[in-house]
Amino acid sequence: MFSLQEAGGAAIDRHERTSLDPDDWQALRKQGHRMLDDMFDHLQTLATKPVWQHAPSSARAKFDVPLPIEGSDLADVHAIFRDHILPYGSGNIHPGFMGWVQGGGTVTGMLAEMLTGGLNANLGGRDHMPIEVERQIIRWTREIFSFPETAGGIFLTGASQANFVAVQIARCRKLGRDVRATGLTDESRLVAYASSEVHGCVPRAFEMSGIGSDQLRRIAVNELGQIDIDALEQAILRDRQEGLVPFLVIGSAGTVNTGAVDDLTGLRHIADSYDLHFHVDGALGALGVLSPDLAHLFAGIGSCDSLAFDFHKWGQVPYDAGFLLVRDSEWQRQTFASDAAYLSRAASGLAGGDWWPCDYGPDLSRGFRALKTWFTLKTYGVKALGDAMSANCLLARELARRIEREPALKLLAPVALNIVCFAYVGASGTMPASVNSHIVERLHAEGCVAPSLTHLDGQPAIRAAIVNHRTRQTDMDALVRSVLTIGSQQDLPQC
Ligand SMILES: *Cc1c(COP(=O)(O)O)cnc(C)c1O
């Protein structure tokens with residue numbers, strides 16, 4: 001369709017042509033609109049399709065072909081997407097998806113992604129308007145979490161990176177910026193603290209930082225899944241006595257297994273008493289402050305020194321859109337700024353601008369994650385986003401109540417936010433726990449609802465994490481019904 005002939009018919013010398021733009025913009029326009037409509041159709045009819053289905057080998061084979069030397073028609077390439085990718089997504093946009101903590105995305109976010117792609121901005125630095133959009137998001141996040149004017153922030157891929165960057169910042173605060181050159185020495189002896197329920201990316205951050213995950217003390221939790229503050233204080237005192245250097249405490253605002261929120265005010269107090277950087281992993285929960293119903297659960301969140309959270313989870317911004325908010329942007333500069341000649345700043349012109357994100361985080365080339373976030377916040381407003389989160393929590397509480405009424409089901413953890421962990425125990429309450437992994441696999445294969453499997457105290461648990469703004473009571477009903485049906489089939493005597 002996009003021939004190498006100019007619209008007027010004049011031939012272009014094949015060897016002189018290097019631009020990848022089309023000659024026939026009219027044809028491109030048509031094809032582009034077709035692709036857009038196709039996606040709208042898909043989103044509009046989501047609920048009629050399976051949450052997930054196994055991609056057949058015929059689809060996988062389309063992605064095991066030789067490197068294309070010559071090009072193909074855009075329409076043909078799109079057809080491969082439509083037939084062999086679109087039907088076999090991971091399902092997180094579907095209302096029946098409740099496995100793991102993943103956002104559902106929105107049409108607004110999708111459209112903004114298209115504009116972002118067209119603009120192809122590099123947000124490493126320099127003087128251009130996209131940078132101002134990212135600064136606007138920083139100002140809004142300050143406002144959301146009641147952070148001071150001195151606070152800075154930065155988009156990163158996700159909370160995994162944001163937690164890692166926070167560890168680097170805390171390390172620099174404790175040892176001074178020289179540690180960037182010297183690295184950790186035998187005298188450094190840093191130790192940090194988080195609860196035993198902290199997300200796996202946090203110990204990994206310690207592995208990547210060179211501090212080592214053994215230096216992250218995993219403190220016991222109470223019956224609500226929150227860090228035990230007394231045990232934390234004792235661990236700090238013990239470490240100090242041994243000559244170690246406590247430098248960081250990490251609270252969770254929504255633990256990955258059960259959605260528990262640590263006592264953030266208590267952690268602030270401990271951090272002040274022992275001169276620790278206080279970081280919060282709010283990947284899945286922190287944006288809950290946007291809901292007036294939920295805000296009280298996060299008391300003290302505005303007092304932390306740094307906060308990792310994900311716009312791509314409860315914020316419904318398309319992947320990826322992780323964020324780190326830092327109480328004093330100078331701490332970011334101390335950790336990351338450097339003066340490479342090829343990045344020298346001018347007083348004016350394109351190389352001007354007084355805020356270059358590359359001084360505030362680990363990346364130089366960076367995408368325009370701020371635009372899809374800005375579009376999302378502007379078009380929906382934080383009230384609607386907060387309402388959707390509140391609705392998710394209501395569904396979770398309803399589900400917990402239903403489970404408690406159902407003799408064949410057992411609730412395995414208190415429901416603090418939007419995550420419900422439960423097990424099928426059978427009419428007599430004696431089903432082997434392993435049946436639950438079978439139930440989850442069957443549910444995935446059936447394609448109506450998709451919870452995930454986790455383990456609580458070593459016991460398999462069906463985990464429903466309700467994050468999607470599209471999920472309704474009917475989806476929760478289907479979950480309970482299907483678990484009971486599949487479970488009762490396992491109850492029957494085996495021949
Ligand atoms: C999802 C999650 C993370 C990791 O965030 P990514 O955006 O996936 O990198 C960290 N902590 C918690 C509590 C999470 O739920």
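Helices (H or I, at least four residues) and strands (E, at least two) are DSSP runs, numbered from the N terminus. The model on screen is predicted, so local features need pLDDT of at least 70 and side-chain atom pairs count only at pLDDT 80 or more, while totals for chains, interfaces and linings use all residues. Residues are numbered from 1 along each chain as its sequence is written, and side-chain values use heavy atoms, with hydrogens and water left out.

**First stop: a loop and a sheet**

Select Ser 146, which lies in the loop between α5 (129-144) and β2; this residue has a positive phi of about 55° although it is not a glycine. From there, move on to β2 (152-156), which stands at an edge of a sheet. That open sheet is formed by 7 strands in the order β2-β8-β7-β6-β5-β3-β4, with mixed pairing, where two strands pair if DSSP finds at least two bridges between them. Both β2 and β4 (216-219) have a single partner strand, so one side of each is left without a neighbour in the sheet. The twist averages 20° from one strand to the next, with axes taken as lines fitted to C-alpha atoms and angles running from 0 to 180 degrees between N-to-C directions.

Next, select residues 306-310 and 322-326, which are strands β7 and β8, paired in the antiparallel sense over 5 bridges. Within this pair, Ala 308 has Leu 324 of β8 as its bridge partner. The loop between β7 and β8 contains Asp 320, and a cis peptide bond, with omega about -10°, joins Tyr 319 to Asp 320.

**Second stop: the ligand**

For polar contacts, look for pairs of N or O atoms within 3.5 Å. A polar backbone atom of Ala 159 is 3.0 Å from an oxygen atom of the ligand. A polar side-chain atom of His 312 lies 2.9 Å from a ligand oxygen, and an N or O atom in the side chain of Lys 313 is 2.9 Å from an oxygen atom of the ligand.

Select β1 (97-98) and β9 (409-411), which stand at the edges of another sheet, each with a single partner strand, so one side of each is left without a neighbour. This open sheet has 5 strands in the order β1-β11-β12-β10-β9, and the pairing is mixed. Inside the sheet, β11 (residues 450-456) and β12 (residues 459-465) pair in the antiparallel sense over 5 bridges, and the bridge partner of Leu 453 is Ile 462 in β12.

**Last stop: the largest pocket**

Finally, select Met 39, His 42, Leu 43, Leu 86 and Ile 93, which lie nearest the centre of the largest pocket among its 29 lining residues. On a 1 Å grid over the protein atoms alone, a pocket is an open set of points where a 1.4 Å probe fits, with protein on both sides within 12 Å along at least five of seven lines, and lining residues have an atom within 4 Å of a point. α1 gives the most to this lining, with 3 residues.

Methods:
Polar contact = N/O pair within 3.5 Å; in protein donor to acceptor, adjacent residues only side chain to side chain.
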